[in-house]
Amino acid sequence: MKTAYLLFALAVVAAPASALNMSGFRDAPVTRLSADEVTQFRAAVIKTLESAPDGTTVEWKAPKTQFISRITPLKSFSEGNRKCRDATIESESRDRFERGTYSFCKAGSGDWGFAKPPGGKPAAK
């Protein structure tokens, strides 16, 4: 069940769960979050993608779980008619730490998702 929360948080909205390589996420810090905290974390990632300037780090702490994440948009760009951003997400919870750089694009529906899912093929446009 926690793997589902992880996928939801990392996918931010777009990539189908079947397109994600789940093996690298089973011990990720985000698996320690409750369902409510995953929703809050997702909102923090989206807000950062929407409004934080490139190079600015936004820190988010879970209200109940020992978890902290730093989200840093690195660059903004366009892919066709989609607004995209590269961002580094660094998270830690007790004895777990994970850092990754991801490319996100905003779909026509206005939802942010992976431009290329981690370990997968490019997402549909």
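The questions and answers below go from the sheet to the rings and then to a loop.

Reply: This is a predicted model, in which local features need pLDDT of at least 70 and side-chain atom pairs count only at pLDDT 80 or more, while totals for chains, interfaces and linings use all residues. Residues are numbered from 1 along each chain as its sequence is written, and side-chain values use heavy atoms, with hydrogens and water left out.

Me: How many bridges join strand β3 to strand β4?

Reply: Strand β3 covers residues 82–93 and strand β4 residues 96–106, and the two run antiparallel. Glutamate 92 stands opposite phenylalanine 97 in β4. The number of bridges joining β3 to β4 is ten.

Me: Which residues form one aromatic cluster?

Reply: Rings of Phe, Tyr and Trp (its six-membered ring) pair if their centres lie within 6.5 Å, with planes under 30 degrees apart counted as stacked, over 60 as edge-to-face and the rest as tilted, and the count by this rule is six aromatic pairs. Phenylalanine 41 and phenylalanine 67 are edge-to-face, at 5.6 Å centre to centre and 80° between the planes; because phenylalanine 41 lies in helix α2 (residues 35–51) and phenylalanine 67 in the loop between β1 (58–61) and β2 (68–79), this pair ties together parts that are 26 residues apart in sequence. The rings of tryptophan 60 and phenylalanine 67 have centres 5.9 Å apart and planes at 65°, so this pair is edge-to-face. The cluster consists of Phe41, Trp60 and Phe67.

Me: Is phenylalanine 41, like phenylalanine 67, buried or exposed?

Reply: The classes rest on relative accessible area with a 1.4 Å probe and protein chains only: under 20% is buried, over 50% exposed, and in between partly exposed. Phenylalanine 41 and phenylalanine 67 are both buried.

Me: What is the phi of arginine 94?

Reply: Most residues other than glycine have a negative phi. Arginine 94 is found in the loop between β3 and β4 and is exposed, with a relative accessible area of 52%. Although arginine 94 is not a glycine, its phi is positive, about 50°.

Note on methods. Helices (H or I, at least four residues) and strands (E, at least two) are DSSP runs, numbered from the N terminus. Two strands pair if DSSP finds at least two bridges between them.
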